[in-house]
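The structure under discussion is shown below.

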Amino acid sequence: MTLRTSTVPDLWSFMLKLYAMPGVAQACLELQDRFELDVPLFLALLHGAGRGYRIDSETIRALDNACGKWRAEVVRPLRAVRVQLKANPWKENHEPVVAFREKIKALELEAEKLEVSVLEKAIIALARTENHVDKPARIAAVAHMVLSHFAADNLTGELPQASLIVDAVRSLLRRQHRT
């Protein structure tokens with residue numbers, strides 16, 4: 001079964017294109033490290049907002065709860081093993097360990113891809129917003145809500161990483177809309 005529809009193109013492909021844009025990967029990693037942000041959830045929600053789906057704090061909380069156990073029991077443990085394998089110089093330079101680390105990295109990405117497929121289906125089921133709502137403002141508002149959700153009381157001031165990601169989402173959605 002494919003999750004592609006005329007209203008939401010393949011979310012995983014969108015995320016890969018977005019992540020490859022200048023500065024986006026680093027910005028995502030910084031927000032992930034600082035706030036324990038679920039990057040696939042963050043990007044899926046920004047994409048959904050840009051595509052006209054109604055996303056509010058309740059939606060964010062529900063989707064985070066839906067992904068939380070998977071993130072805690074599968075994605076983060078795989079990431080922790082991968083990072084540990086890179087942290088020690090003898091492990092990084094020992095060829096069998098390097099190959100093993102690449103396999104762990106591939107599994108981590110596959111786990112995130114599975115999460116994205118669940119998120120994509122959930123976002124497609126959401127109500128649409130009114131057409132007159134400003135898309136750039138909606139994307140920025142959703143970014144702020146998601147970051148507030150993950151940061152709790154630790155969110156102060158503007159985050160240049162979030163602004164960079166929001167601008168990249170807007171740009172990529174505009175390009176996709178033209179094609």
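## Surroundings of T59

Apart from neighbours within four places in sequence, T59 is in contact with R54 and L126. The model is a predicted one. T59 lies in helix α4. With a relative accessible area of 13%, T59 falls under the 20% limit and therefore counts as buried.

## Packing of α4 and α6

Two packed helices are described by the angle between their axes and the distance between the axes. For helix α4 (residues 57-87) and helix α6 (residues 95-124), the axes come within 9 Å and cross at roughly 165°. Because angles over 145 degrees count as roughly antiparallel, α4 and α6 are roughly antiparallel to each other.

The crossing of α4 and α6 is left-handed. The contact of α4 with α6 comprises 17 nonpolar and eight charged residues, with no polar residues.

## Helix α8

Helix α8 (residues 160-178) has 19 residues, which should span 27 Å at 1.5 Å a residue.

Which residues of α8 are buried? They are Q161, A162, I165, V166, A168, V169, S171, L172, L173 and Q176. An α-helix has 3.6 residues a turn, so residues three or four places apart point the same way. The cover over the buried residues of α8 includes α1 (11-19), α2 (24-35), α3 (39-50) and α7 (135-151).

Note on methods
Residues numbered from 1 in each chain as written. Predicted model: local features only at pLDDT ≥ 70, side-chain atom pairs only at ≥ 80, totals over all residues. Heavy atoms only, no water. Axes fitted to C-alpha atoms, helices over the stretch in contact; angles between N-to-C directions. Helix = DSSP H or I, 4+ residues; strand = E, 2+ residues; numbered from the N terminus. Parallel < 35°, antiparallel > 145°, perpendicular 65-115°, else oblique. Left-handed = near helix turned anticlockwise from the far one by under 90°. Nonpolar A, V, L, I, M, F, W, Y, C, P; charged D, E, K, R; others polar. Buried < 20%, exposed > 50% of the residue type's maximum accessible area, 1.4 Å probe, protein only. Contact = heavy atoms within 4.5 Å. Expected span 1.5 Å × (residues − 1).
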